[in-house]
Amino acid sequence: MSKLISGKEALIALANGEEVECRAYEKNWINANNKHHPLSLFFDDSFQFRLKPRTITINGVEVPAPFEPKDGDKYYHISIQTSLGYGWDEWESSDYDARASIFGAWRTEEEIKQVVAALRSVFKPQ
């Protein structure tokens with residue numbers, strides 16, 4: 001899940017042209033860019049806000065977009081060396097191994113599982 005932001009940060013992000021999502025606690029995320037939402041929504045403590053997660057499409061399936069890890073970041077990557085189809089590592093620029101992240105790096109195991117499933121759908125026998 002994307003990091004939660006305050007209502008004030010959400011308004012600033014909207015003003016800067018970013019896509020913002022909101023939800024009442026335990027409900028589904030919806031687009032906060034809707035012009036029908038009152039301004040008071042952004043000051044109501046019963047709502048949560050986040051920047052809309054960035055995605056890419058693989059074989060018609062929308063999956064989380066990869067990110068650029070920085071030193072010390074744990075990340076998940078595509079790997080043919082495991083039956084899972086992915087592996088994980090901790091990023092160290094001084095010990096960079098291009099093979100581990102040539103196809104991208106993802107923040108969570110949940111994200112990489114979506115990517116692996118989408119890639120497997122491309123190559124599964126018909």
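**Exercises on a predicted model**

At 10% relative accessibility, Arg50 counts as buried (buried is under 20% relative accessible area, exposed over 50%, partly exposed in between; 1.4 Å probe, protein chains only). This is a predicted model: local features need pLDDT of at least 70, side-chain atom pairs count only at pLDDT 80 or more, and totals for chains, interfaces and linings use all residues. Residues are numbered from 1 along each chain as its sequence is written, and side-chain values use heavy atoms, without hydrogens and water.

**Exercise 1.** Give the strand order of the open sheet of 4 strands.

Step 1. The order is β1-β4-β2-β3, with antiparallel pairing. Strands pair if DSSP finds at least two bridges between them.

Step 2. β1 (4-5) and β3 (30-31) are the edge strands, each pairing on one side only.

Step 3. Strand β2 (residues 20-24) is joined to β4 by 5 bridges. Ala24 stands opposite Phe47 in β4.

**Exercise 2.** List the largest nonpolar core and its main contributor.

Step 1. A nonpolar core is a set of buried Ala, Val, Leu, Ile, Met, Phe, Trp, Tyr and Cys residues joined through side-chain atoms within 4.5 Å. The largest one has 10 residues: Ile58, Val63, Tyr76, Ile78, Tyr86, Trp106, Ile112, Val115, Val116 and Ala118.

Step 2. β7 (74-78) and α3 (109-123) are the elements that give two or more residues to this core. The largest share, 4 residues, comes from α3.

**Exercise 3.** Classify the ring pairs Phe42–Phe49 and Tyr76–Trp88.

Step 1. Rings of Phe, Tyr and Trp (its six-membered ring) pair if their centres lie within 6.5 Å; planes under 30 degrees apart are stacked, over 60 edge-to-face, the rest tilted. The count comes to 4 aromatic pairs.

Step 2. Phe42 and Phe49 have ring centres 5.2 Å apart and planes at 20°, so the pair is stacked. Both are buried.

Step 3. For Tyr76 and Trp88, the centres are 6.1 Å apart and the planes at 50°, so the pair is tilted.
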